[in-house]
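Hi,

Here is the structure I promised to pass on. Have a look at it first, and my notes on what turned up follow below.

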Amino acid sequence: MTPRQLHRLGATAMALVLSVTAVHAEDIAEYMDFFEPLPYLPPIPAANSLTPEKVELGKMLFFEPRISGSGVISCATCHNPALGWSDRIPTAVGHDGQVGNRNTPTVLNSGFLGSQFWDGREPDLEGQALGPIEAEIEMNMDLEAAIRRLKEFDIYHEHFAAAFPGDEDPIRAENIADAIASFERTLNTPNSPLDRFLAGDVQAMSESQVEGMKLFVDAGCVACHNGPALTDSGFHRFELPGSTDEGRFIVTGDEADMFAFRTPTLRNVAVTYPYFNNGSVADLRDAVQLMGQQMLGQDFADEELDNLVAFMHALTGEMPDLVIPALP
């Protein structure tokens, strides 16, 4: 074959590849419109501006075990950075070895959620931050006692003063909440394969992941799992075998909220097992099938499950890069 023939053959092959790619892009464009890339930061509330000083203080408090009754439990005990910022056990274990009745949700991308906790009892991260400190079954520490303990350390006086300049008494509950919330708003996981795919990198997701993305839309999963964090932050009835947790009903007293729980984010779902409000399902494939049965009224075939699970793995982003603080 002559060089000219080789050149023509190469040009023909390239044209064919570009043609197939164009058709493929056109085929999936309508599906891509259902998804949003994860921004670098979530919305920042006007009442709690995000500053480096608050974030640094919040990080210290997040890892500080001395604001627990036992002196050994911190926020990071249940939201472990090495475990997807969760704990990978069915339900949380807190003060004096007490076992809670709900699974620990990951704190990753939590600033994008419309409410906090499985039952949505707090509207934002500021409201969420202090609850575990006071909860008898979690950190079991009276807030006033926690404040007194922090005031024993000069370095905390320095950090609170820097984070809340002009505040005559900066070491107080509201500021603790604001600092922890500020730190948590930085725990985001952008640049997942899906994010790169949406940005135009067609090689970022495998063929199976792309097929899973399409099925995710066609099956109706996207109706509840949408937006940048792949959750509508709404509440939906979901009854797990053996569970007696009444969900959002405990908060509202409304019968319509019986057994309803907030839609969990699917970001990083492949590394934040076990699943559901009681952590009763350890395997992602089983969790996807159960969701199909309960929420969509369908059983997925084996190949469909393979593709959906592959797509779930495409939602794992870059983990926060941080240095664990050296505490006083």
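To start with a cysteine: is Cys78 buried or exposed? Cys78 turns out to be buried, and its relative accessible area is 17%. Please keep in mind that this is a predicted model.

While we're on cysteines, there are zero disulfides in the structure. For Cys78, the closest cysteine sulfur belongs to Cys75 and lies 9.0 Å away, which is too far for a bond.

Now the overall picture. The protein chain has 328 residues, and 49% of them are buried. Its secondary structure consists of 13 helices and two strands. Along the principal axes, the C-alpha atoms fill a box of roughly 85 × 50 × 30 Å. If you take the contacts between residues at least 6 apart in sequence, 67% of them join residues at least 24 apart.

On the H10 side the contact includes Met213, Leu215 and Phe216, and on the H13 side it includes Leu308, Phe311 and Met312.

Next, the aromatics. Searching the whole structure gives twelve aromatic pairs. In one of them, Tyr156 and Phe160, the ring centres are 6.5 Å apart and the planes meet at 55°, so the pair counts as tilted. Both residues sit in helix H7 (residues 154-163), and because they are four residues apart there, about one helical turn separates them. Tyr156 is buried at 0% relative accessibility, and Phe160 is buried with a relative accessible area of 0%. Elsewhere, ring pairs join Phe62, Phe63, Trp85 and Phe183 into a cluster.

Two arginines also sit over rings. Arg121 lies over the face of Phe117, 3.7 Å from the ring centre. The charged end of Arg248 is placed over the ring of Phe235, at 4.2 Å from its centre.

Most residues other than glycine have a negative phi, and most peptide bonds are trans. Which peptide bond is cis here? The one from Tyr273 to Pro274, with omega near -5°. Pro274 is found in the loop between strand E2 (260-262) and helix H12 (284-296).

As for phi, Arg88 has a positive value of about 60° although it is not a glycine. Arg88 belongs to the loop between helix H3 (75-78) and helix H4 (125-129), and at 26% relative accessibility it counts as partly exposed. Phe259 has a positive phi as well, near 65°. Phe259 is in the loop between helix H11 (249-252) and E2, and it is buried, with a relative accessible area of 19%.

Cheers

Conventions. Residues numbered from 1 in each chain as written. Predicted model: local features only at pLDDT ≥ 70, side-chain atom pairs only at ≥ 80, totals over all residues. Heavy atoms only, no water. Phe/Tyr/Trp six-rings, centres within 6.5 Å; stacked < 30°, edge-to-face > 60°. Buried < 20%, exposed > 50% of the residue type's maximum accessible area, 1.4 Å probe, protein only. Lys NZ or Arg CZ within 6 Å of the ring centre and 35° of its normal. Disulfide = S-S within 2.5 Å. Contact = heavy atoms within 4.5 Å.
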